[in-house]
Amino acid sequence: ACSVPVSEIIAVEETDVQGKHHSSGKWQKMEKPYAFTVHCVKRARRHRWKWAQVTFWCPEEQLCHLWLQTLQEMLEKLTSRPKHLLVFINPFGGKGQGKRIYERKVAPLFTLASITTDIIIVCVGGDGMFSEVLHGLIGRTQRSAGVDQNHPRAVLVPSSLRIGIIPAGSTDCVCYSTVGTSDAETSALHIVVGDSLAMDVSSVHRNSTLLRYSVSLLGYGFYGDIIKDSEKKRWLGLARYDFSGLKTFLSHHCYEGTVSFLPAQHTVGSPRDGKPCRAGCFVCRQSRQQLEDEQKKALYGLEAAEDVEEWQVVCGKFLAINATNMSCACRRSPRGLSPAAHLGDGSSDLILIRKCSRFNFLRFLIRHTNQQDQFDFTFVEVYRVKKFQFTSKHVEDEDSDLKDGGKKRFGHICSSHPSCCCAVSSSSWNCDGEVLHSPAIEVRVHCQLVRLFARGIEETVKPDSHS
C-alpha cells in the first residue's frame with residue numbers, strides 16, 4: 001500500500017493490459033481486466049526524489065475510466081504547475097554533461113507531464129549558469145517596472161516567473177541549499193509538481209553603480225583569492241579549485257579594512273541558534289511579515305528603519321569576509337558556511353575571520369565538513385545583517401565615495417591599526433563564483449526577490465515503501 005498527495009502526482013494514464021498477465025491468481029480470473037497507472041513522487045534517502053509508477057487494476061471499464069477522469073480533473077486544478085518551459089543548457093560548464101543529463105533524466109519527465117518548452121525558465125548547469133539567468137530575469141523585471149538598478153536604495157520588484165534549476169555543475173550550491181541534494185531527477189520532479197520557494201537576493205553596488213547580484217556567497221580574502229587564481233587555471237578542470245585553495249591557504253594573506261553593517265532587527269533567529277532553514281520555514285515567514293510592517297511604516301511617512309537603527313563598525317585585519325544568503329551547503333560541506341542561514345528572511349549572515357595562525361584557520365576550515373560549530377573561535381565573528389559596506393584600507397580616497405559617506409555617517413573610520421604586514425594590499429570578491437575587483441562595495445539584501453521551483457529542504461523521513 002502507498003499514500004501519495006495529489007500535488008505529488010506527475011500524471012495518470014490508461015494502461016494497455018493486452019498480453020500482460022498479473023501474477024496474482026485473482027487477476028487471472030478476470031476475463032477483461034482494465035488498469036491505469038499513476039506516475040508519482042517517491043522519496044528516497046538523502047532528500048532525493050524518484051519517479052515511481054503504481055498500476056491499479058479493476059474488472060470494469062467504466063470504473064477505470066471514472067478514476068482516470070477524476071484524477072485528471074484534480075491535476076488540472078493544480079494551477080501552480082508549469083505549462084510551458086524555456087530551457088537554457090550550459091554544455092561546457094561544470095562537468096560538461098548538461099545536455100546529456102537533460103536528455104536522459106529530465107526530458108522524459110517533462111514529456112510525461114505534458115510540459116512544452118516556451119515560457120517558464122529552466123537552466124541546466126551549475127551555479128554560474130543560474131546566476132546568468134537570474135541577472136537576466138531581475139534586470140528585465142526592473143526595466144519593465146521603471147526601477148533604476150544602479151540606485152543602492154532602490155526597492156526592487158519581484159518577478160512573477162519562477163526559475164527551475166537542473167544541477168549539472170561542479171558545486172551546485174543553490175540546489176543543495178534549496179532542495180537538499182544535487183540530484184537532477186529530484187530537481188526535475190520539483191519543477192513538474194510546481195513547487196515554489198521565495199529566495200533573498202543581495203545587490204552589490206559601488207559609487208551608485210550596480211556591480212552584480214548575489215544569492216549564495218559573497219566572499220573577500222580567502223574565497224576571493226581562490227576564485228581569482230582558479231580563473232587563470234581553467235585548463236586544469238575541476239582540479240583548479242583544489243590547487244588554488246591549497247595555494248591560497250599556504251599564502252595566508254590577510255587584508256585590512258572597515259566593515260560597516262546594519263543588523264537585521266526584523267529577523268526572529270540568529271546565525272548560531274542551530275535552527276536550519278527547512279520547508280515551510282517559520283523564521284522566513286515571520287521575518288517577511290515583520291519586514292513588510294517596517295516598509296508600511298516608511299510608506300506612511302515615518303522614518304525608514306535603516307535611518308533609525310544604529311549601524312555598527314568593525315575594523316581590523318581579516319583573512320576572510322563572507323556574506324551568505326543561504327547555508328551554501330554542497331557535497332564537500334553538507335552543513336555549509338552558515339548552517340542556520342535562511343533562504344527568505346531578508347537578511348545575510350556576515351562572517352568575519354580575523355587574522356590568526358595557519359593552524360587555527362585550518363581548524364576553522366575543517367569544521368565546515370563536520371558537525372562542530374565553526375563559529376566557536378575567538379577570531380571568528382558572525383552577524384545577521386540586512387545591509388553592509390566594506391572599504392579596504394588601501395583604497396584611494398578619490399575612488400572611495402563609500403568611505404567618505406561612512407565618515408559622515410559613523411563619525412569615524414578606524415585608524416588605530418598599523419599598516420598590514422602582508423605583501424598584497426587588497427583582495428577580490430567572490431560573487432557566486434564570479435570575480436569582482438572592487439575592494440569597496442555596498443551590499444543590500446532584497447527579501448524574497450526571486451522564486452525557484454523548490455520547496456526547501458524537507459525534514460528527514462523514512463523512504464516510502466510500495467507493496
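Is arginine 332 buried or exposed? Arginine 332 is exposed, with a relative accessible area of 62%. The model discussed here is predicted.

## Overall composition

The secondary structure comprises twelve helices and 16 strands. Of the 467 residues in the protein, 53% are buried. The protein exposes about 22600 Å², of which carbon and sulfur atoms supply 51%.

Contacts between residues at least 6 apart in sequence were also examined by separation: 79% of them join residues at least 24 apart.

## Confidence

The mean pLDDT of the protein is 83, and 82% of the residues reach 70 or more. Over residues 406–423 the pLDDT is below 50, although this stretch has 27 contacts in the model beyond near neighbours in sequence. Residues 463–467 also have a pLDDT below 50, with 14 contacts in the model beyond near neighbours in sequence. Where pLDDT is low, the predicted coordinates should not be read in detail.

## Salt bridges

A search of the whole structure finds 16 salt bridges. One of them pairs aspartate 229 with lysine 247, with the closest N and O atoms 3.0 Å apart. Aspartate 229 belongs to helix H7 (residues 222–230) and lysine 247 to helix H8 (residues 239–251), so this pair ties together parts that are 18 residues apart in sequence. Aspartate 229 counts as buried, at 9% relative accessibility, whereas lysine 247 counts as partly exposed, at 41%.

Helix H8 also holds aspartate 242, which pairs with arginine 332. The closest N and O atoms of this salt bridge are 2.6 Å apart. Arginine 332 lies in the loop between strand E11 (312–324) and strand E12 (348–354), and the pair links distant parts of the chain, 90 residues apart. Aspartate 242 is partly exposed, with a relative accessible area of 40%, while arginine 332 is exposed at 62%.

## A loop-to-loop pair and a network

Aspartate 373 and arginine 272 meet through their side chains in a salt bridge, at 2.6 Å from N to O. Aspartate 373 is in the loop between helix H11 (358–366) and strand E13 (380–392), and arginine 272 is in the loop between strand E10 (255–263) and helix H9 (282–299), so the pair ties together parts that are 101 residues apart in sequence. Aspartate 373 counts as partly exposed at 30% relative accessibility, and arginine 272 counts as partly exposed at 47%.

## Serine 244 in helix H8

Serine 244 lies in helix H8. At 0% relative accessibility, serine 244 counts as buried. Which residues is serine 244 in contact with, leaving aside its neighbours within four places in sequence? They are Ile226, Asp229, Ser230 and Lys233. Asp229 is also the partner of lysine 247 in the salt bridge described above.

## Helix H4

Helix H4 (residues 127–145) has 19 residues. From its first C-alpha to its last, helix H4 reaches 27 Å, close to the 27 Å expected at 1.5 Å a residue. Buried residues in H4 include Met129, Phe130, Val133, Leu134, Leu137 and Ile138. Just after H4, glycine 146 takes a positive phi of about 75°.

## Nonpolar surface patch

Leu63, Leu66 and Trp67 make a nonpolar surface patch of about 300 Å². Tryptophan 67 lies in helix H2 (residues 61–76). Tryptophan 67 is partly exposed, with a relative accessible area of 47%.

Most residues other than glycine have a negative phi. Arginine 46 has a positive phi, near 55°. Arginine 46 sits in the loop between strand E2 (34–43) and strand E3 (49–58), and is exposed, with a relative accessible area of 66%.

Aspartate 432 likewise has a positive phi near 55°. The loop that holds aspartate 432 runs between strand E14 (429–431) and strand E15 (434–436). Aspartate 432 counts as buried, at 9% relative accessibility, whereas arginine 46 is exposed.

Notes:
Residues numbered from 1 in each chain as written. Predicted model: local features only at pLDDT ≥ 70, side-chain atom pairs only at ≥ 80, totals over all residues. Heavy atoms only, no water. Salt bridge = Lys/Arg side-chain N within 4 Å of Asp/Glu carboxyl O. Helix = DSSP H or I, 4+ residues; strand = E, 2+ residues; numbered from the N terminus. Buried < 20%, exposed > 50% of the residue type's maximum accessible area, 1.4 Å probe, protein only. pLDDT = per-residue confidence, 0-100. Contact = heavy atoms within 4.5 Å. Expected span 1.5 Å × (residues − 1). Patch = residues over 30% accessible without salt bridge, like charges linked within 9 Å, V, L, I, M, F, W, Y side chains within 5 Å. Areas by Shrake-Rupley, 256 points an atom, 1.4 Å probe, with all protein chains shown as cover.
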